[in-house]
Amino acid sequence: MQAVHFGAGNIGRGFIGALLYQADYHTKFVDVNDRVIEELNNKQQYNVILAAENKEQLTVKNVSGLNSMQNPEAVVSAIEKADIVTTAVGPNVLPIIAELIAKGLRARLASNPTALNVIACENMVGGSTLLKEKVMDHVPADEQEKMAALFGFPDAAVDRIVPNQVNEDLLEVSVEPYYEWVVDRSMIRGEVPEIDGITFVEDLTPYIERKLFTVNTGHAVPAYIGHYMGYNTINEAMHDEKVLEILRGTLNESGEALIQTYGFDRGEHQTYINKIIGRFQNPYISDEVTRVGRGPIRKLGAKDRLIRPASVYLETTGKEPVFLAKTIAAALSYKNEEDAEAVELQEKVAQFGYEKALQDVSELETGSALVESVGKQLKEIEQLKG
Ligand SMILES: NC(=O)C1=CN([C@@H]2O[C@H](COP(=O)(O)OP(=O)(O)OC[C@H]3O[C@@H](n4cnc5c(N)ncnc54)[C@H](O)[C@@H]3O)[C@@H](O)[C@H]2O)C=CC1
Ligand SMILES: O=P(O)(O)OC[C@H]1O[C@](O)(CO)[C@@H](O)[C@@H]1O
């Protein structure tokens, strides 16, 4: 079995690549990082180490690399023959890889018109659906119907914390033991891929929202509040009782929004929250607040981990999302010269002020209750610095 995976980064190697190997796939990693591609081709294997006391190790074999900038034709040919295509490149990169995927799928339609599924494994709602839209922008109108009938773009939720790697071995990757990969079965074309570790569900929406608005909403607290208070790592921030209080408050609010929307059992949801807080406290993972907080404009998007649960909490309970608003205020204040979105956000704040900058990136109405709450919390969180 052949897999083509775009993005040989943390989640690509540390999660998707590992599960594909265990399911007997040969994985061709497609990336623009030539050092990683060269190393994959030289070694044809790499180690995944579990970040836990026993440091269990898996050697992922049957892998190779393709540089999509230098050898796009090889990527097209790999997609023609693939049994599955996956991505973990980041939401902003999906539109960039869409053209090459379109070329591969068009070539397959002409030479090997068999079903294929393309699964975007990104932290966002509707990642594969977005990728499909972007792919179709590069497909002539008269081919689109055939493509849609043969090629599925099932949406997915992926959950495993894989920090930036600081190992001597460029390919080695340290990952938390926990993982969850949920895929929308109703969007599959052809046979359902046999990959242990994937849970197929008929409606992904509750799963992706539960994950995004608990794991990622929660992680944003030690990232943005932690950074605001001067911490460098998630571990440091998670040792501060003030951070923990805001984290619990934030997850109670996003949890209430989820319970009101999907009718989740309150007790079970609390157990889910507690488990996730424990994952953030894993002493074997060293994760920087700047990695978890990367891309604050994306993270302050209307459908993303902060604004969406805060808006739903307000709508469904009529109450002010005090703790979510504190985290949004800290995200809005996030400064990092090495993060292009953080720089852009601070330029907007300097030019238009906090309120207008927030409205702009989060698509919120002027004078909306959430904008007002965040305004209040921008002042409240100042005391965290002292
Ligand atoms: N790291 C984590 O714990 C988790 C990450 N995710 C999601 O997985 C995705 C990837 O995240 P990470 O692996 O952490 O990031 P990463 O930065 O480690 O990996 C991204 C990879 O994509 C490659 N890339 C960039 N542009 C490309 C292009 N045009 N063509 C091919 N490859 C390209 C980069 O060179 C890099 O190797 C994101 O959407 C993230 O939200 C989801 C769950 C967990
Ligand atoms: O990958 P993103 O969307 O930039 O956000 C970082 C988040 O993703 C994760 O890497 C994995 O879910 C978390 O560690 C963190 O909450």
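Analyst: The description below takes the helix pair, then the sheet.

The model is predicted, so that local features need pLDDT of at least 70 and side-chain atom pairs count only at pLDDT 80 or more, whereas totals for chains, interfaces and linings use all residues. Residues are numbered from 1 along each chain as its sequence is written, chains are lettered from A and ligands numbered from 1 in the order in which they are written, and side-chain values use heavy atoms, with hydrogens and water left out.

Helix H4 (residues 94–111) packs against helix H5 (residues 127–136) at about 65°, the axes lying 8 Å apart. Helices (H or I, at least four residues) and strands (E, at least two) are DSSP runs, numbered from the N terminus; axes are lines fitted to C-alpha atoms, for helices over the stretch in contact, with angles from 0 to 180 degrees between N-to-C directions. H4 contributes Leu94, Pro95, Ile97, Ala98, Ile101, Ala102 and Leu105 to the contact, and H5 contributes Gly127, Leu130, Leu131, Lys134 and Val135; contact means heavy atoms within 4.5 Å.

The open sheet has three strands in the order S9-S11-S12, with mixed pairing; two strands pair if DSSP finds at least two bridges between them. Strands S9 (156–159) and S12 (198–201) form the edges, each pairing on one side only. The twist averages 15° from one strand to the next. S9 and S11 (residues 180–184) run antiparallel, joined by four bridges, and Asp159 stands opposite Glu180 in S11. Helix H1 (residues 10–22) lies across S9 and S11, at about 70° to S11.
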